[in-house]
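This report comments on a few local features of one model. Please keep the sequence and the coordinates at hand while reading.

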Amino acid sequence: MAATFFGEVVKAPCRAGTEDEEEEEEERRETPEDREVRRQLAGKREVRLLRRQTKTSLEVSLLEKYPCSKFIIAIGNNAVAFLSSFVMNSGVWEEVGCAKLWNEWCRTTDTTHLSPTEAFCVFYHLKSNPSVFLCQCSCYVAEDQQYQWLEKVFGSCPRKNMQVTILTCRHVTDYKTSESTSSLHSPFLKALKTQNFKEPPCCSLLEQPNIVHDLPAAVMSYCQVWKIPAVLYLCYTDVMKLDLITVEAFKPLLSSRSLKGLVKNIPQSTEILKKLMTTNEIQSNIYT
Amino acid sequence: MASRYDRAITVFSPDGHLFQVEYAQEAVKKGSTAVGIRGANIVVLGVEKKSVAKLQDERTVRKICALDDHVCMAFAGLTADARVVINRARVECQSHKLTVEDPVTVEYITRFIATLKQKYTQSNGRRPFGISALIVGFDDDGIPRLYQTDPSGTYHAWKANAIGRSAKTVREFLEKNYTEDAIANDNEAIKLAIRALLEVVQSGGKNIELAIIRRNQPLKMFSAKEIELQVTEIEKEKEEAEKKKSKKIA
C-alpha cells in the first residue's frame with residue numbers, strides 16, 4: 001500500500017506478492033453475467049464456413065473435404081482485384097463455399113444476416129482441375145479469429161503435397177529499411193517463403209526487420225509448422241484503396257509457377273481491370 | 001519518390017521540387033477533359049461531360065461557368081476547389097466593376113485566380129488548389145483571349161489548349177489541326193473543338209458540352225441537339241475525306 005500525493009491509498013506493485021490475495025481471487029471469479037456476455041461475444045465472433053448451395057456449415061475443414069494441390073489466397077482489395085481480373089477471367093471457377101465472420105472492423109451490425117457481398121471470403125475451385133483452389137478474402141480477419149479460420153479452412157492435419165501462394169498488400173510506411181525512403185519506388189513486391197518452398201520467388205525476399213501481419217502471417221506460420229511449401233507476395237504501396245498501379249505491381253507473378261497455366265488472355269484481363277477501376281471511380285463526385 | 005516529409009506541407013524537397021504542387025497537378029488529371037480554342041472572332045470551350053449518377057440532377061454538375069457576362073471558364077480537377085475559386089473570381093469581377101466602373105479584362109481575372117492559387121502553395125497548413133482552369137473571353141478592345149492556369153499559380157495565354165484526363169492526346173491533336181484556316185470561320189472553330197474532344201470522349205456527342213462567346217455577345221451554351229448536329233456534320237466530312245483518300249489510292 002502506498003499513499004499518493006493526493007492522499008488516496010493505492011496498491012503499490014510488490015514483487016514479494018500481495019497481502020490481499022484472497023480479495024483478488026474474489027474479483028477474478030466470474031459472475032454468471034460475465035460468462036453469458038463472454039459466450040455471446042464468442043458466438044458473434046465465430047468464423048463459419050458455409051457450403052455454397054445449401055448454405056450449411058461444413059462439418060470438416062474445407063481442404064479435408066476438397067483435396068487441393070494448389071491454393072492461391074488473395075487478402076485485401078488490391079490482391080483480390082488482381083486475381084479477379086487476371087486469374088478468374090481466364091478459366092471457369094466454381095464457388096465452393098464462403099467464410100462468414102464478424103468483428104469490429106466490419107461495417108455491418110447485423111451478424112445473422114450477412115449478405116454474400118459482405119462476407120467476402122469466398123472459396124473457388126477450377127472446374128477443369130478441381131484441385132486448384134482460390135480464396136478471395138476482402139474482409140479483415142481479427143487476431144482471435146485467425147486460428148478459427150485456419151482450422152476451418154486447412155484443418156488440424158493438412159496434406160503436405162500442396163502449394164500455397166498468398167497475395168496481399170501493406171502500406172509502404174510499414175516498410176523498414178536503412179536506405180533513404182526517397183529511393184523507394186512504391187509500389188514494390190517482396191516475398192517471404194516457408195522452408196519447404198524450393199522454387200525461386202518472383203521478386204526479392206523480404207528483409208529483416210520487416211514482419212508480416214494479420215491473416216497472411218497466420219497462414220505462413222501454419223504452413224511453416226506443417227511443412228507445407230508456401231510463398232507470400234507482399235506488395236508495399238502508398239495507396240491502400242483499390243488502385244490500378246498497385247494491382248499492376250502484382251504482374252511479375254503472372255510468370256511464376258503458381259499462376260502459370262491459370263492466366264490466359266493478359267490484354268483482355270488488363271481491360272477488365274481498367275473497367276473494374278472506372279466503375280469505382282464514377283460514383284465519386286470529388287473530381288469533375 | 002518523395003521523402004515522407006515532403007508530403008505533409010508545401011516545402012521544397014532537397015532537389016527543388018514542390019511535391020504537393022506536383023501532386024495537385026495529378027489531381028487535375030483525374031478530372032474529365034476540357035478544351036479551349038481561340039478563334040479569330042470567337043472563343044470556344046468544350047468539355048467532356050462527367051457521367052452523372054441516376055438520381056443526380058444533371059444541371060448541378062457543370063464544368064463550364066460564367067465569371068462575368070464576357071468571361072467564362074472551364075476547369076478540371078477537384079470539384080469543391082473549383083467552386084471556391086469560381087466564387088472568389090465572380091466576386092472579384094463585380095468588385096472590379098463597381099470600383100473602376102469597367103468590366104475586368106480576361107488577363108486581369110486570370111491573374112487574380114493565378115495569384116490566389118499561388119498563395120495556397122506558400123501558406124502554412126494549406127494545400128494547393130487541385131484544379132486547372134481555361135479562361136476565355138473578349139476584352140473591351142474586341143480581342144479574343146484564352147488563358148490557362150494550373151495549381152502552381154502560373155498562367156499563360158494560349159491559342160488552343162486542353163486540360164484534364166486525356167489532355168496530352170487532345171493537345172497533340174490541336175497542334176496538328178490548329179491552322180489559320182481552321183479558325184478563320186466561327187463554325188470551323190466550333191468543329192475543331194468538337195473534333196478534338198471526340199478523340200478522347202467515349203460514346204460521342206452525347207458526352208460533350210460546349211460554350212461559345214462571340215464578340216459583343218453573351219455566353220451561349222449549346223444544347224444537346226446543336227451539338228449532335230455538329231457531330232453529324234463532322235462525321236459526314238470525315239466520311240467524304242476518307243472516300244477521297246480511297247479514290248486517290250485507287
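Which residues does Trp149(A) touch, not counting residues up to four places away in sequence? In this predicted model, the list comprises Val47(A), Ile73(A), Ala99(A), Leu101(A), Cys121(A), Phe123(A), Cys135(A), Val141(A), Phe154(A), Leu215(A) and Val219(A).

## Nonpolar cores

Trp149(A) also belongs to the largest nonpolar core, which has 44 residues, and is one of those that touch the most other members, together with Phe71(A), Ile73(A), Phe123(A), Phe154(A), Val164(A) and Val219(A). Helix α7(A) gives the most to this core, contributing seven residues. Another core, of 37 residues, lies apart from it and includes Val132(A), Leu134(A), Leu253(A) and Met277(A).

## Backbone geometry around α7

Most residues other than glycine have a negative phi, and most peptide bonds are trans. Against that background, the peptide bond between Gln208(A) and Pro209(A) is cis, with omega at about 0°, and Pro209(A) sits in the loop between β9 (188-193) and α7 (214-225) of chain A.

Asp214(A), which is placed in helix α7 of chain A, has a positive phi of about 55° although it is not a glycine; its relative accessible area of 26% makes Asp214(A) partly exposed. Lys227(A), likewise not a glycine, has a positive phi of about 55°, and is found in the loop between α7 and β10 (230-237) of chain A.

## Confidence

For chain B the mean pLDDT is 90, with 96% of its residues reaching 70 or more, while the predictor gives the complex an ipTM of 0.81 and a pTM of 0.59. Where pLDDT is low, the predicted coordinates should not be read in detail.

How values were computed: Residues numbered from 1 in each chain as written. Chains lettered and ligands numbered in written order. Predicted model: local features only at pLDDT ≥ 70, side-chain atom pairs only at ≥ 80, totals over all residues. Heavy atoms only, no water. pLDDT = per-residue confidence, 0-100. Helix = DSSP H or I, 4+ residues; strand = E, 2+ residues; numbered from the N terminus. Buried < 20%, exposed > 50% of the residue type's maximum accessible area, 1.4 Å probe, protein only. Core = buried A, V, L, I, M, F, W, Y, C linked by side-chain atoms within 4.5 Å. Contact = heavy atoms within 4.5 Å.
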